[in-house]
Amino acid sequence: MSARQLAKYDLVITTYGTVSSEVKGALGRDKMEKEGKGKMDDMKAAEDNEHVRSNESELLNVFWERIILDEAHQVRNPKAICSLSVCKLTAVRRWCVTGTPIQNKELDLYSLVRFLRFKPFDEYQMWKKWIVGQSPQAQDRMKTLGRAMVLRRTKDQKSKMTGKELVALPEKHIVEHKEELSEE
């Protein structure tokens, strides 16, 4: 499928594995692995990486209107090929959808910040200087960053305008099947 054909579609759905293999193939395995094996301190902002046009990857040749990473916590390792690959895509708008932006450590959030190109913290040196650490100031900055970029919704949250639940979920219905097993 050519870049022109892709541009005709309103929606393209793909997997992290497909993006990783496409980008790794276009850039060359050695270059992607070299980027992934470097020190975290060497990591620059996502847009500082050279922009790649490739005959081998249609995904890299499309200027996307919007990229939405569903289950975005899957790109939590900033040095993983999957994370490096999604950061190479070009888009006007970028969204990350996840229920767990931080699973183990603060660095999990850095990958999402880098994908979103949330300046100036998408560059690891700035992240390390201002966000990482146990000091009260670093923790306050992390909270401020979270409030600035996260939209959180809960199941029981109600609309301020209508007073109704934002998402009306059906009642939970449990069906229990009991089976007796034979000696065999």
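**Helix packing in a predicted model**

The buried residues of α5 are Cys82, Ser83, Leu84, Ser85, Val86, Cys87 and Lys88, as computed from a model that is predicted.

Me: How many of the residues of α5 are buried?
Reply: The buried set includes Cys82 and Lys88, together with Ser83, Leu84, Ser85, Val86 and Cys87. Helix α5 is therefore described as mostly covered, where buried means under 20% relative accessible area. The count for this helix is 7 of its 8 residues.

Me: Which residues of α6 make the contact with α5?
Reply: The axes of α5, which spans residues 81-88, and of α6 come within 8 Å and cross at roughly 20 degrees. That angle makes α5 roughly parallel to α6, and α5 passes α6 in a right-handed crossing. On the α5 side the contact is made by Ser83, Leu84, Val86 and Cys87, and on the α6 side by Ser111, Arg114 and Phe115.

Me: What is the distance between the axes of α2 and α5, and at what angle do they pack?
Reply: Helices α2 and α5 count as roughly perpendicular to each other, because angles of 65 to 115 degrees fall in that class. From α2 the contact draws on Tyr16, Val19, Ser20, Val23, Lys24 and Leu27, while α5 contributes Ile81, Cys82, Ser85, Val86 and Lys88. The axes are 8 Å apart, and the packing angle is about 75 degrees.

Me: Around the axis of α2, what arc do the buried residues cover?
Reply: The buried residues of α2 are Tyr16, Val19, Ser20, Val23, Ala26 and Leu27. An α-helix has 3.6 residues a turn, so residues three or four places apart point the same way.

Me: How far does α2 reach, and what phi does the residue just after it take?
Reply: Helix α2 covers residues 16-27, which gives it 12 residues, and the span expected at 1.5 Å a residue is 16 Å. From its first C-alpha to its last, α2 is close to that expectation, with a reach of 16 Å. Just after the helix, Gly28 takes a positive phi of about 95 degrees.

Me: Which residues of α8 are in the contact with α6?
Reply: Helix α6 (residues 107-116) and helix α8 (residues 136-149) pack at an angle of about 45 degrees, and their axes are 13 Å apart. That makes α6 oblique to α8, and the crossing of the two is left-handed. Helix α6 brings Leu109, Val113 and Leu116 to the contact, and α8 brings Met142, Leu145 and Met149.

Me: Is Cys96 buried or partly exposed, and what is its relative accessibility?
Reply: Cys96 is found in strand β2, residues 90-97. Leaving aside neighbours within four places in sequence, its contacts are Leu69, Ala72, Leu112, Phe115 and Leu116; of these, Phe115 is 19 residues away in sequence and 8.5 Å away in space, C-alpha to C-alpha. Cys96 counts as partly exposed, because its relative accessibility is 23%.

Me: What share of the contacts with a separation of 6 or more joins residues 24 or more positions apart?
Reply: The protein chain holds 8 helices and 2 strands, and its elements run α-α-α-α-β-α-β-α-α-α from the N terminus on. Buried residues make up 32% of its 184 residues. Among contacts with a separation of 6 or more, the share from residues 24 or more positions apart is 67%.

Technical notes. Residues numbered from 1 in each chain as written. Predicted model: local features only at pLDDT ≥ 70, side-chain atom pairs only at ≥ 80, totals over all residues. Heavy atoms only, no water. Helix = DSSP H or I, 4+ residues; strand = E, 2+ residues; numbered from the N terminus. Expected span 1.5 Å × (residues − 1). Buried < 20%, exposed > 50% of the residue type's maximum accessible area, 1.4 Å probe, protein only. Axes fitted to C-alpha atoms, helices over the stretch in contact; angles between N-to-C directions. Parallel < 35°, antiparallel > 145°, perpendicular 65-115°, else oblique. Left-handed = near helix turned anticlockwise from the far one by under 90°. Contact = heavy atoms within 4.5 Å.
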